[in-house]
Amino acid sequence: MFRFSWTVAACLIVSGFCLAQRGFEPIELSLRRGRSYQAPQIVMDRNGVPEWPRDSEFPRDDFTFVRVLYNPYSGYGRGKWETDWPDSDLNFSFRLQQLTALKVNPDPIILELTDPRLFDYPWLYIIEPGGWRGQPGTGLNLSDEEVYALRSYCDNGGFVMVDDFWGEDEWEEFYRELKKVFPDREPVDLDVSHEIFNCVYELPECPQVPAINVALSGFSYERPDASEVHYRAIYDEQGRPQMIICHNTDLGDGWEREGENVRYFKEYSEPKAYPMGINILFYAMSH
């Protein structure tokens, strides 16, 4: 049972987007090696993203963007888990506060799946789970302890959004790990008639968002075998959504890179990445 309680209204405030052009400075994150690895306390450079006060009476009853830290030395650099961090997390939190009546924590956090604090938060974000171009072991690559923790989290009311992996090799890599967590369940494909595409914003199609460099080159997909976007759901026995899997799309880049190029913002961030992210969150909250 979650220790977190929602005391917020799920209604949309009509508001316009304001494109804030800003530069991005690299942020150094020191990680420790070893089986007892714990995510460090991170003081993030907000890079100009506004802050706002939390409710002084109910400081814990707001939405916190929680990014999952996994396999920290896989793939490249310090780990694929930190792709688009921290700007996507900060920007999405800001837009959620700006555009909806939801109370939002201005400070997103990072947690491992085995962290007991996970159960304080009903929504998790996992990015790039499919491995580096399908290379085994470079994606989510869950330990037995993480499999147990993630299944327990989902079966106790938690919801997971999975984002930003492309092509059939990465799908197979992710699907292998998914079956460790849900051996008894299969992901269900959602088409545009599903309520997740119109529960807050009405979307005319299942949105596909490429990385900014791909979009500015004139393409909407990042791999030859990734032209068709898929949104898939995992449901429990009562029909409650436990996971939404965004495959062949990169909503996080639409959040992260919103201030870098007006064309990208107008074609992808504003009409696709933010509306779909908000829809996913509100769909999870209302079921």
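Biologist: Which residues line the largest cavity?
Modeller: This is a predicted model, so keep that in mind. The lining is made up of Ile126, Leu140, Leu142, Leu150, Val162, Phe174, Glu177, Leu178, Val181 and Met243.
Biologist: What volume does the largest cavity have?
Modeller: About 50 Å³.
Biologist: And how many cavities of 30 Å³ or more turn up in the whole structure?
Modeller: The search finds one.
Biologist: How does one look for empty space anyway?
Modeller: You roll a probe the size of a water molecule over the atoms, and that shows where space is left empty.
Biologist: OK, new topic. How many helices and strands does the chain have?
Modeller: Six helices and seven strands. Starting at the N terminus, the order is β-α-β-β-α-β-α-β-α-β-β-α-α.
Biologist: Take strand S1. Are its faces covered or open?
Modeller: Both faces of S1, residues 66-69, are covered. Val66 and Val68 are buried on one side. Arg67 and Leu69 are buried on the other.
Biologist: Which strand does S1 pair with, and in what sense?
Modeller: S1 pairs with S2, residues 109-112, in the parallel sense. Four bridges join the two strands. In one of them, valine 66 has isoleucine 109 of S2 as its partner.
Biologist: Now the other end. Where is glutamate 258 found?
Modeller: Glutamate 258 sits in the loop between helix H5 (251-256) and helix H6 (262-285).
Biologist: Why does glutamate 258 count as buried?
Modeller: Because its relative accessibility is 5%, and buried means under 20%.
Biologist: How far is glutamate 258 from serine 88?
Modeller: They are 170 residues apart in sequence. In space, their C-alpha atoms are 8.9 Å apart.
Biologist: Zoom out. How much of the chain is buried?
Modeller: Of its 287 residues, 57% count as buried.
Biologist: And what share of contacts joins residues at least 24 apart?
Modeller: The share is 77%, taken among contacts between residues at least 6 apart in sequence.
Biologist: Last one. What does the accessible surface come to?
Modeller: About 12700 Å² for the chain. Carbon and sulfur atoms account for 50% of that.

Methods
Residues are numbered from 1 along each chain as its sequence is written. This is a predicted model: local features need pLDDT of at least 70, side-chain atom pairs count only at pLDDT 80 or more; totals for chains, interfaces and linings use all residues. Side-chain values use heavy atoms; hydrogens and water are left out. Buried means under 20% relative accessible area, exposed over 50%, partly exposed in between (1.4 Å probe, protein chains only). Contact means heavy atoms within 4.5 Å. Accessible areas come from the Shrake-Rupley method with a 1.4 Å probe; for residues, only the protein chains shown count as cover. On a 1 Å grid over the protein atoms alone, a cavity is a set of points where a 1.4 Å probe fits but cannot get out, and a pocket is an open set with protein on both sides within 12 Å along at least five of seven lines; lining residues have an atom within 4 Å of a point. Grid points are joined across faces, edges and corners, and a volume is the space filled by probe spheres set on the points. Two strands pair if DSSP finds at least two bridges between them.
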